[in-house]
Amino acid sequence: MTLPAAPVSILPEPQPPASPSRAERALDRALRVAGGVVTVWAGVLAALLDLIFATWAWEAVQGRSGGAQALVGIGLVLAGIAAVVASTVLLGSFAHRSTGTRWAVALAALPWFLVIVVGGFRTTEGDLALAGDNVLGLALIVAGAVTFAVLGFRQIVVPPPVSR
């Protein structure tokens, strides 16, 4: 005795999408280049804002005395580190999405590192953005460097999602 078979519908194979036209490819390339340029400038801007915040916050901490200094100092350090990590993650994500490449986090990280390094040198007028005694500035550098390293490692190592 045989059991009745359940009807099975066979779906036709999906057709591959049509290849993009030459104009669409040129527009895509132009948008990716523009995304890369915006990423580089955003990396510079993020580093400048980090330097300004680190200098301002350190001056605010040094101007306080007693228990308030510790409280303000800890609050500014935590807020600064959280802001650097959040801005770095957003910048890395924007870089990856706007350029479509896995190494795009380097477009934001390299100018960020360059501005941070330049901030450690004294100008001819004697100004110094990051002094050796600025603990907040040093924490911001470490937080930004580690976050960029983790983002870069993650974007390079993790395989891209499979689209169907």
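The largest nonpolar core of this predicted model comprises 23 residues. A nonpolar core is a set of buried Ala, Val, Leu, Ile, Met, Phe, Trp, Tyr and Cys residues joined through side-chain atoms within 4.5 Å. Buried means under 20% relative accessible area, exposed over 50%, and partly exposed in between (1.4 Å probe, protein chains only). Trp112, Ile116 and Phe148 have the most contacts inside the core. Two or more residues each come from α1, α2 (67-99), α3 and α4. Helix α1 gives the largest share, eight residues. Helices (H or I, at least four residues) and strands (E, at least two) are DSSP runs, numbered from the N terminus.

Residues are numbered from 1 along each chain as its sequence is written. Local features need pLDDT of at least 70, side-chain atom pairs count only at pLDDT 80 or more, totals for chains, interfaces and linings use all residues, and side-chain values use heavy atoms, with hydrogens and water left out.

Two packed helices are described by the angle between their axes and the distance between the axes. Helix α1 (residues 22-62) and helix α3 (residues 105-118) have axes that come within 8 Å and cross at roughly 35°. Axes are lines fitted to C-alpha atoms, for helices over the stretch in contact; angles run from 0 to 180 degrees between N-to-C directions. The crossing is right-handed, meaning that the near helix is turned clockwise from the far one by less than a right angle. On the α1 side, the contact (heavy atoms within 4.5 Å) includes Gly36, Thr39, Val40 and Gly43. Among the α3 residues are Leu107, Ala108, Pro111 and Trp112. By class, twelve residues are nonpolar, three polar and one charged. Ala, Val, Leu, Ile, Met, Phe, Trp, Tyr, Cys and Pro count as nonpolar, Asp, Glu, Lys and Arg as charged, and the others, Gly among them, as polar.

Threonine 39 lies in α1. Its relative accessibility is 0%, so threonine 39 counts as buried. Beyond its neighbours within four places in sequence, threonine 39 contacts Leu91, Phe94, Ala95, Ser98, Ala104, Leu107 and Ala108.

Helix α4 (residues 135-157) has 23 residues and should span 33 Å at 1.5 Å a residue. The expected span is 1.5 Å times one less than the number of residues. The end C-alpha atoms are 33 Å apart, which agrees. Buried residues of α4 include Leu136, Leu140, Phe148 and Gln155. Not counting residues up to four places away in sequence, phenylalanine 148 touches Thr88, Leu91, Val105, Ala108, Ala109 and Trp112. Phenylalanine 153 is also in α4, but counts as exposed because its relative accessibility is 57%.
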